[in-house]
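Dear colleague,

I am handing over the structure below, and I would be glad if you kept it open while reading the notes that follow it.

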Amino acid sequence: MVFYWYVIVSLVSIMFYYLRPVWYSVYFSYVRPLFKWILRKTTRLCELQRICYGENHGARRSLGVEYSLSHSRRYELQELIKFLNKMAVERKLHGNGLMMSVKGSVDTILLVKKINPTVHVSFVKAISRCIEHIWGYRQLKQEITLLARTQYDAENAEHEEKLLRLWQMLKPDVPLNSRVTKQWQTIGFQGDDPKTDFRGMGILGLDNLLHFASEYPTTAQHVLQHSLHPQYGYAFAIVGINLTSLAYHLFQDDAAKTIVYNSCKSLPSINVFHHFYCYLFYEFDRVWMESKPCVMDFSNVKTKFENNIRSLLSNSSVLLKTDLSIDIV
């Protein structure tokens, strides 16, 4: 008997696996529209209204709106999504471009869903913020990708100024002997010229390190001192660039949506990415020092750290600590 049940369950599992596209098609073509129609008739609210009224500001609301819009079968909304995607990719969602895009999007949604804006004032405000969240996040992904692909250029005065400012922030009492010097290794670069270490993450890696050192100087010094520990030390700058890579991929695969949607009141900016990076650096240093590993354990510690961060971000209510200085003694 047990064997027969095992065969039946196995056959059902196999059937579900191979017919999964069919189930999805049936659900999105018939079941979901029918369910939405029933709720619309009983609540007198469309799905977008139910989401905006039923969820507080943050990830749950914005993720719900994003899901609803992306699965809409209305031609007008599909075209609206294409337009907003184009604006985000071209990084035009700022100033008048942002204002006109949000207003036009809201007007389209109100028209398609037959919503009276004078009656549903709070819906207009909520859906506007969700649009800024969703496509601001997509625009931010484009921005960090551009920075990651911008290689450090020693002939670029702005790049050189940032690098020298990083040294001044981390070693304010120690002047550089020259631009190319072994002194860079004291803050965790691999060689005499830091420019070679930015090849993987481009100027984004430098921007992250500089933001950490300038926005949280006490914390950055605290972490730098940990990195110089005679037994449990690590390469501060190299680890920092590795964490830029981690932050970058968490944004690119959308794992970071929850923290962005929960922490931003309007359009996400590059500072959101920088603050997230600073949190990662602070937390990684804490985990590293508590683990007391050797440098050879870096890969294992980093993998475990990434898994923990991904687990944390999977919580739609997550809010990460941003005042990193309060625990520094």
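In this predicted model, helix α11, which spans residues 236–252, packs against α9 with the two axes 9 Å apart and at an angle of about 110 degrees. Because angles of 65 to 115 degrees count as roughly perpendicular, α9 and α11 are described as roughly perpendicular to each other. The crossing in which α9 passes α11 is right-handed. On the α9 side the contact involves L204, G205, N208, L209 and F212, and these meet F236, A237, G240, I241, T244 and Y248 of α11.

The aromatic residues come next. A pair of aromatic rings is described by the distance of the centres and the angle of the planes. With ring centres required to lie within 6.5 Å, the count comes to 17 aromatic pairs. One of them joins W167 and W184, whose rings are 5.4 Å apart, centre to centre, with 75 degrees between the planes, an edge-to-face arrangement. Since W167 belongs to helix α8 (residues 157–170) while W184 sits in the loop between α8 and α9 (202–215), this pair ties together parts that are 17 residues apart in sequence. Both partners fall under the 20% limit for buried residues: W167 counts as buried at 3% relative accessibility, and W184 counts as buried at 0%.

F189 and F198 are both buried. Elsewhere, one aromatic cluster is formed by Y137, F251, Y261, F273 and F276; of these, F251 falls within the residue range of α11, 236–252.

Finally, a word on the cysteines. A search of the whole structure finds zero disulfides. C46, for instance, is in no disulfide, and the nearest cysteine sulfur, which belongs to C52, lies 8.2 Å away, whereas a disulfide would require the two sulfur atoms to be within 2.5 Å.

With kind regards

Methods
Residues numbered from 1 in each chain as written. Predicted model: local features only at pLDDT ≥ 70, side-chain atom pairs only at ≥ 80, totals over all residues. Heavy atoms only, no water. Phe/Tyr/Trp six-rings, centres within 6.5 Å; stacked < 30°, edge-to-face > 60°. Helix = DSSP H or I, 4+ residues; strand = E, 2+ residues; numbered from the N terminus. Buried < 20%, exposed > 50% of the residue type's maximum accessible area, 1.4 Å probe, protein only. Axes fitted to C-alpha atoms, helices over the stretch in contact; angles between N-to-C directions. Parallel < 35°, antiparallel > 145°, perpendicular 65-115°, else oblique. Left-handed = near helix turned anticlockwise from the far one by under 90°. Contact = heavy atoms within 4.5 Å.
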